Structures are given as C-alpha cells and as structure tokens.
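I opened a new notebook page for this protein. My plan is to look up a few places one by one and write down what I find.

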Amino acid sequence: MNTIRKIGVFTSGGDSPGMNAAIRAVVRSAVHNDIEVVGIRRGYQGMIENEFVDLDSSSVSNIIQRGGTILKSARSEQFRTPEGRQQAFENVKKQGIEALIAIGGDGTFQGATKFNMEFQIPVVGIPGTIDNDLYGTDETIGYDTALNTAMEAIDKIRDTADAHNRLFLVEVMGRDAGFIALETGIAGGAELILLPETLTEISDIKASLSEVFRVHQRSSLVVVAEGDETGGAIKLADNIKDDFGKYDMRVCILGHIQRGGSPSARDRVLSSRLGLAAVEALLEGHTNVMVGIVNNEVKYTPMKNTWSKKKSIDYKLLELSKILS
Ligand code: F6P
C-alpha cells in the first residue's frame with residue numbers, strides 16, 4: 001500500500017450529471033483513509049491560476065443530488081502548452097498535492113497522461129461524460145441521466161408531432177459517438193436512428209421514411225446524433241425537405257438540456273463506486289489508469305487506451321431498432 005497524504009481532485013471538459021456525487025465519493029473515501037483533499041476549481045485552468053480549495057467531509061454534504069459540478073469545469077487552451085503545464089505543476093507542488101484524481105472525458109485524460117509523463121505525478125481518472133464514449137467502462141458518469149432526459153423530451157415531442165402528423169428530426173448530443181442517439185432512439189420508439197458509427201446515404205434515409213409513412217400513415221420521429229455524417233438535424237432537414245414537405249417537418253435540437261439536471265439513481269451509484277475505486281487505485285500504487293465498471297466489476301484501464309481504443313456501440317441494438325420501427 002502507498003502512503004499518500006494529500007490528493008487533488010478536479011472536473012474538466014463537458015460536465016455531466018453525477019460529477020458531484022463522484023467528488024463526494026472521492027473526498028469521503030480519502031477522509032476514510034486519512035488523506036487530505038484539495039479541490040481544484042475549473043480543471044486544468046484552475047491549476048494554472050491557483051484555484052485551490054480544501055475539502056473535507058462536510059464540504060461535500062448535500063451535493064449527491066446536484067447536477068453540474070461544485071468544482072466548475074473548463075477546457076483549458078493554456079494547459080496544452082508546456083509553459084501552462086509547468087505553471088500548473090508548480091502550483092500543485094506548492095499545495096503539497098501528491099496525486100491527482102481527474103474526473104472527465106477523453107480530453108481530460110489526454111491532458112492527465114501528458115502531465116503524468118512530464119512530471120511523474122500519479123493520476124487516476126474517473127470517466128465523466130454524457131457521451132459514454134470511453135473505452136474501459138460499460139457506462140460513463142452522466143450517460144444514464146442524459147438518456148432519461150433525452151427520452152422524456154422525445155416523449156413530449158412525440159405528443160405534439162402526433163397531433164399534427166408531423167415529421168420531427170430530433171438531434172441529441174454525441175460529437176463522435178452515437179450511444180445517446182441509439183438508446184434514446186430505442187427508448188423513444190424512433191422510426192429512424194442516425195449515428196456517426198454507421199454511414200447512411202440520404203437516399204436510404206428517404207426510402208426508410210417513405211416506407212414508415214406508407215405503413216403507419218402518421219407522425220414520425222428521427223433521432224440524429226450531432227456527430228452523424230449527415231451534419232446533424234438542421235442539415236438533414238434541408239436535404240430531405242423537398243421530398244417530405246407535406247409532413248410539415250420540424251427540427252428540435254435538445255442540446256445542453258441533456259447535460260444538466262439531477263443525476264439518476266444509477267449515475268449516483270456509479271459515481272460513488274468509481275470515487276472509492278479511484279482512491280483505492282492510488283493507494284494500491286496505480287497511476288495513469290482510469291477506473292471503470294465492466295460487467296459489474298471495477299477495472300483499471302491504462303488511460304491511453306480509454307481514448308485510443310474505440311468503444312463500440314451495440315450493433316444488435318441498432319438491428320433491433322430497425323425491426324421495431
Ligand atoms: O463531450 C460532451 C459533450 O456534451 C458533447 O456531446 C458535445 O458535443 C460537447 O460536449 C459540447 O460541448 P460544449 O459544452 O463545450 O459546447
């Protein structure tokens with residue numbers, strides 16, 4: 001077992017519901033092991049600008065249910081420079097921080113890996129992104145909540161779509177990955193789901209929609225991932241409007257609504273498990289790994305693999321969506 005006296009914890013990149021629950025779990029697990037915790041506000045930018053705050057058990061009371069992140073988040077351009085990282089390291093050292101826990105997505109982990117390689121400071125990652133696009137964990141923190149938020153929005157859109165027999169194109173988040181689109185599409189009974197992982201020609205999209213209208217003779221709903229090769233819902237609408245004009249097409253971009261809100265029970269439990277796992281990983285001497293849950297077991301994945309290896313969507317789910325639409 002390692003002896004670590006003080007750790008730093010931060011959230012970085014796009015926030016996700018459950019990050020607060022993860023901060024709470026890190027702090028309380030550290031306190032349980034007699035480790036002091038310093039919170040770093042605004043991620044890597046806060047490291048550079050000296051935004052440190054001592055955290056104890058009571059600092060994280062009453063946050064498990066809150067969306068966003070009490071430590072704030074940022075995307076730091078300065079941290080991409082050697083000078084920025086040097087400044088960050090000097091500030092971290094001055095605080096007496098001996099190891100770091102980084103909560104975020106692939107950009108956060110790329111920064112953490114570089115920092116670890118340059119300054120040998122131990123670092124463990126906790127996967128926090130609504131996109132669920134990190135290799136090494138079945139689900140990332142915030143994904144389940146985002147799914148439910150998007151599904152509820154789709155249910156509401158369906159009511160009004162049906163009242164007018166309209167065609168709705170609903171865009172969900174997912175810059176490079178279609179996890180949110182796939183599962184909300186299935187849960188919301190979408191007639192068509194478009195993902196960055198699959199290439200769908202405009203002619204095929206038109207053919208599928210024509211068939212759906214022929215069979216069902218009523219409103220239709222398409223879920224499009226923002227990163228889909230069609231260019232998203234607005235572009236897609238433009239490309240198909242001439243053929244589907246009579247269905248009075250509408251576009252709805254769900255956007256950042258998907259990132260906010262109180263985390264689901266599942267996200268709170270996941271965050272709590274991963275917060276404890278991250279502290280234990282540091283105590284066991286692991287560094288430059290992400291903690292994840294795979295088949296209900298805690299797993300450590302080399303941080304580099306979390307973004308360089310591609311986590312696959314479940315193609316069987318995509319087939320299922322086609323059969324059921
Ligand atoms: O990575 C999470 C994510 O929500 C993506 O799905 C989305 O493309 C991006 O962040 C949006 O980032 P920002 O909040 O900086 O606009």
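I start with a term I need: a polar contact is a pair of N or O atoms within 3.5 Å, where, within protein, one must be able to donate a hydrogen and the other to accept it. I also note that the model is predicted.

**Entry 1: Lys6**

I looked up Lys6 and found it in strand E1, residues 6–11. Is Lys6 buried or exposed? Its relative accessibility is 16%, so Lys6 counts as buried. Next I checked what a polar atom of its side chain meets. The backbone oxygen of Gln95 lies 2.8 Å from that atom. I then listed the contacts of Lys6, leaving aside neighbours within four places in sequence. They are Ile35, Glu36, Val38, Gln95, Gly96, Ile97, Glu98 and Ala99. Ile35 is 29 residues from Lys6 along the chain, yet their C-alpha atoms are separated by 5.4 Å.

**Entry 2: the two domains**

I turned to the domain division. Domain 1 covers 6–142 + 263–308, and domain 2 covers 143–259. Their C-alpha centres lie 34 Å apart. Domain 1 brings 18 residues to the contact and domain 2 brings twelve. I noted a buried area of about 1300 Å² between the two, with 47% of it from carbon and sulfur atoms. Which residues of domain 1 lose the most area to domain 2? They are Ile130, Asp131 and Asn132, together 41% of what that side buries.

I counted the polar links too. Nine residue pairs are in polar contact between the domains. On the side of domain 1 that touches domain 2, I find four nonpolar, seven polar and seven charged residues. Between domain 1 and domain 2 the count is one salt bridge. I also looked up the pair Arg259 and Asp15, which forms a salt bridge with its closest N and O atoms 3.2 Å apart.

**Entry 3: helix H6**

I went to helix H6, residues 179–187. Its buried residues are Phe179, Ile180, Ala181, Leu182, Thr184 and Gly185. What do they pack against? I found helices H5 and H11 and strands E6, E7 and E8. Just after H6, Gly189 takes a positive phi of about 65°.

**Entry 4: Thr108**

I looked at Thr108 in helix H4, residues 106–119. Beyond residues up to four places away in sequence, Thr108 touches Phe10, Ser12, Gly13, Tyr44, Ala102 and Ile103.

**Entry 5: salt bridges**

How many salt bridges does a search of the whole structure find? The search finds 16. I looked up some of them.

Arg158 pairs with Glu191, the closest N and O atoms being 3.4 Å apart. This pair links distant parts of the chain: Arg158 is in helix H5, Glu191 is in the loop between H6 and E7, and they are 33 residues apart. Arg158 is partly exposed at 22%, while Glu191 is buried at 13%.

Arg214 and Glu211 meet at 2.9 Å, N to O. They are three residues apart in helix H7, so about one helical turn separates them. Arg214 is exposed at 55%, and Glu211 is partly exposed at 37%.

My last stop was a network: salt bridges that share partners join Arg41, Arg42, Glu49 and Glu51. Within it, the side chains of Glu51 and Arg42 meet at 2.4 Å, N to O. Arg42 counts as partly exposed, at 26% relative accessibility.

Definitions and conventions. Residues are numbered from 1 along each chain as its sequence is written. This is a predicted model: local features need pLDDT of at least 70, side-chain atom pairs count only at pLDDT 80 or more; totals for chains, interfaces and linings use all residues. Side-chain values use heavy atoms; hydrogens and water are left out. Helices (H or I, at least four residues) and strands (E, at least two) are DSSP runs, numbered from the N terminus. Buried means under 20% relative accessible area, exposed over 50%, partly exposed in between (1.4 Å probe, protein chains only). Contact means heavy atoms within 4.5 Å. Domain bounds come from an automatic or database domain assignment. Buried area is the accessible area (1.4 Å probe) that two parts lose on being put together, summed over both. A salt bridge is a side-chain nitrogen of Lys or Arg within 4 Å of a carboxyl oxygen of Asp or Glu. Ala, Val, Leu, Ile, Met, Phe, Trp, Tyr, Cys and Pro count as nonpolar, Asp, Glu, Lys and Arg as charged, and the others, Gly among them, as polar.
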